[in-house]
Amino acid sequence: MNDMIDNPVDCEVRSVIRFLNARHLKPAEIYRQLKEVYGHTVMNERNVRKWCEMFNNGRTNVHDETRPGRPSLITEDLKTKVNDRILQDRHTSFDKLHIAFPDISRSLLGEIVSQHLGYHKICARWVPRQLNDQHKTRRMASALTFLMRYHTDGDAFLDQIVTGDETWVSHNTPETKRQSRQWHHPSSPKKPRKFKQTLSTQKVMATVFWDCKGVLLLDFMPKGTTINANRYCETLRKLRRAIQNKRRGMLSREVVLLHDNARPHTAASTRELLDQFDWEIFDHPPYSPDLAPSDFHLFTKLKDFLGGTRFGSDEELKKTVNTWLNELAAEEYHTGILKLVNRYDKCLNEDIVKLQILNLAVKLYLTNPKQTKLLCQYVFSLARYDQNYDIRDRARFLRQFIFPTNGVENSKLAKHAKKMFLATKPAPVLESKFKDSDEDSSEEEGTTEEEGSSEEEEDSSREEESDSESSESHNSTDEKGTKANAKPKKSESKKPTTKEPSHESTEESESDEEEDSSEEEASDSSESSADKKKATSKKGSAKSSSFNESSTQESKPKSNLDLLLELDDVPPTMTPVLTPSLGGFLTPLSTPVMPITSNSIQPASPSFIPLKTTELLNKISGRGLSVLSRFTRSPHLFSPAMVSIELTFTNLGTEDLADIKVSQKSLPSGMSMHDFAPISVLPVNAVLPGTIGVDFNDSTQPVSFTISVGGVQSNQATLKAPVGELIRAVTMPEPLFITEQISAYDPLYLNIVYHLSSSVLNSSPIHQSFQCIFQ
């Protein structure tokens with residue numbers, strides 16, 4: 001008897017039943033034969049009869065039919081809501097998503113985010129420095145120059161490149177995390193540990209110059225010396241002798257030196273020496289270590305080799321480095337130089353760079369069309385077949401400026417191309433943000449004083465004109481004399497109304513200037529003709545009449561609505577002043593405006609109010625309630641000694657929150673707090689503001705209070721004031737500033753002095769001092 005078949009597939013058994021049923025065997029006989037072949041674990045007789053009946057009714061499929069199964073909870077509406085939540089906060093986590101969608105499990109949320117929406121979390125890429133437009137332009141120019149040379153000369157250009165740089169080599173270089181990886185088996189005893197290590201203080205500065213064939217020069221700097229222009233020139237002389245000995249004929253061809261733009265490399269003496277050598281210096285863009293072969297290729301491999309190795313002396317370290325550099329294969333050096341082609345090509349293949357190249361090509365053609373026509377045609381032909389649609393569209397648009405299809409004469413864009421692309425742009429004006437506010441106030445004071453002095457001078461000129469006219473009128477008729485005598489009476493009646501009270505400090509500083517201006521005006525008025533005198537007198541009378549009308553308007557009583565709408569007269573809210581002699585961090589000022597004397601401190605409005613918020617209550621611990629806090633750098637309405645803190649309440653839960661208020665407060669001695677207005681109802685996804693006032697009482701201790709929701713839920717919140725939020729800007733004369741600086745009672749007393757121009761406020765040097773005491 002043959003061996004039985006174990007574990008048959010269901011479709012196989014059903015196929016056998018269909019075959020035997022087609023031979024008109026009874027179900028009992030079919031079941032007996034199945035047991036003989038497949039054993040007792042095969043399909044029972046009842047199911048055999050069932051399948052025979054289905055085959056007799058016309059079924060031909062031996063596989064199971066598809067079933068609808070359990071209905072999926074993933075809907076398009078749910079995916080849209082999850083996607084909107086992720087777009088609102090890219091840093092959100094599955095815990096926060098589960099709070100926002102409590103009915104959906106974490107596994108289902110993970111399936112929606114990863115499989116249906118296609119999201120996956122990535123970390124931000126670390127870059128050494130953010131490049132500005134000038135740096136990017138230099139990178140683009142260097143890349144374009146390199147690729148054009150490589151396109152023209154080919155590998156011969158790479159053979160001429162000599163590159164080098166300096167690096168520190170330590171006695172103990174800790175291995176990286178990637179180097180510490182090892183194969184781990186499930187039966188391995190324990191996961192290896194890696195302890196934190198630091199670079200050894202004993203180190204040697206190594207200068208390495210190399211080309212595509214190998215190392216040309218390895219020079220170690222003696223201890224106690226620094227790399228300057230003279231030292232680097234000595235190294236370059238050694239490099240020239242090394243090239244002469246190791247690369248025969250290279251000096252006669254041409255050497256292209258590629259080094260970074262460090263100060264010793266770009267010094268005047270270094271450039272003079274390289275000019276004597278007749279070497280070409282390839283321009284290296286600033287802050288671009290990714291374009292220095294020593295940084296991205298050779299030194300990284302050297303540090304990986306030295307990682308985890310400890311050396312006992314400098315000689316042992318130098319010998320190891322020299323041996324490794326000499327034994328390194330020549331292919332590695334050639335690969336390092338060849339990587340420059342891909343890296344420079346990557347600089348030009350960015351979409352932003354390509355758009356800049358198209359604009360630059362148009363400008364080059366408009367400036368010098370004869371020499372740049374072929375180059376511009378080549379650039380636009382490359383952009384025509386670019387993969388990015390924006391670049392192709394920009395190329396088609398810009399092409400009409402320099403290569404129009406209908407000809408230059410019939411194209412309107414080509415006629416105005418120079419006005420659009422070669423227009424001169426004004427240079428940016430650098431101004432201080434502190435100077436604007438102070439100059440405005442000083443200009444207002446100066447204009448009032450100048451108006452008073454000008455009006456006095458006009459009155460004096462009117463008196464002289466009236467005297468001259470009266471002397472002439474005595475020789476004329478009586479009617480003319482009466483008209484002439486009426487003018488000085490008007491001027492005399494208007495004279496006291498035009499005068500304004502002037503400060504003694506301003507009169508002392510500007511007395512000399514007023515005397516000079518009055519003498520010059522008197523001489524000018526004496527030399528002027530009689531017609532000009534009459535014109536000035538008419539202008540003065542018109543001005544005085546307008547002044548009288550304005551004075552009459554100001555003398556009228558103002559209604560409550562007028563007082564409410566005149567927002568310019570309301571002084572800005574000033575925060576308390578922080579000075580050591582006035583009593584501490586938050587000493588309020590009793591008077592909003594103080595005259596500037598030798599013993600006065602003038603508060604200054606905050607030049608910057610931060611918009612950054614701090615999380616006071618997390619929505620996870622708050623069960624859907626999120627509270628953010630922000631210091632507004634202004635006093636609270638309840639008391640000027642309190643700091644106003646803005647709170648933002650957000651309901652991120654699934655139910656409305658009711659009766660949100662402060663239930664308990666835990667304050668240190670001497671501190672006080674004014675609660676925010678209770679919130680009756682906070683709907684779902686709603687945001688409501690609130691304000692609290694805190695008097696820290698010259699202390700940096702935190703304020704703890706409890707936020708209750710509906711009388712059931714209690715959330716503990718702790719508010720700590722950063723020292724920077726208790727800083728207040730003040731303006732004071734220089735003698736008082738020196739006195740306050742000497743009287744500081746704390747040794748860690750920091751003064752950051754901002755000198756204003758000497759022309760502001762009585763032409764005396766004023767200091768705006770930001771004083772901060774760290775306890």
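Modeller: Let's start at strand 12, residues 657–666, which pairs with strand 14 in the antiparallel sense through three bridges (a pair needs at least two DSSP bridges; strands are DSSP E runs of at least two residues, helices H or I runs of at least four, both numbered from the N terminus). This is a predicted model, so local features need pLDDT of at least 70 and side-chain atom pairs pLDDT 80 or more, while totals for chains, interfaces and linings use all residues. Residues are numbered from 1 along each chain as its sequence is written, and side-chain values use heavy atoms, leaving out hydrogens and water.

Now follow the chain into strand 16. Strand 16 spans 703–709, and the loop between strand 15 (687–695) and strand 16 holds Thr-700. With a relative accessibility of 28%, Thr-700 counts as partly exposed (buried is under 20% relative accessible area, exposed over 50%, partly exposed in between, with a 1.4 Å probe and protein chains only). Thr-700 and Ala-721 are 21 residues apart along the chain, yet their C-alpha atoms are separated by 6.4 Å.

How about the nonpolar cores? The largest has 56 residues, and Phe-146, Leu-298 and Ile-402 have the most contacts inside it (a core is a set of buried Ala, Val, Leu, Ile, Met, Phe, Trp, Tyr and Cys joined through side-chain atoms within 4.5 Å). Beyond its neighbours within four places in sequence, Phe-146 touches Phe-157, Leu-158, Ile-161, Phe-282, Leu-340, Val-341 and Tyr-344 (contact means heavy atoms within 4.5 Å). Apart from that core lies another one, of 28 residues, including Ile-645, Phe-696, Ala-717 and Leu-719.

Finally, the whole chain. The protein chain contains 25 helices and 20 strands. Of its 775 residues, 35% are buried. Taking contacts between residues at least 6 apart in sequence, 65% join residues at least 24 apart.
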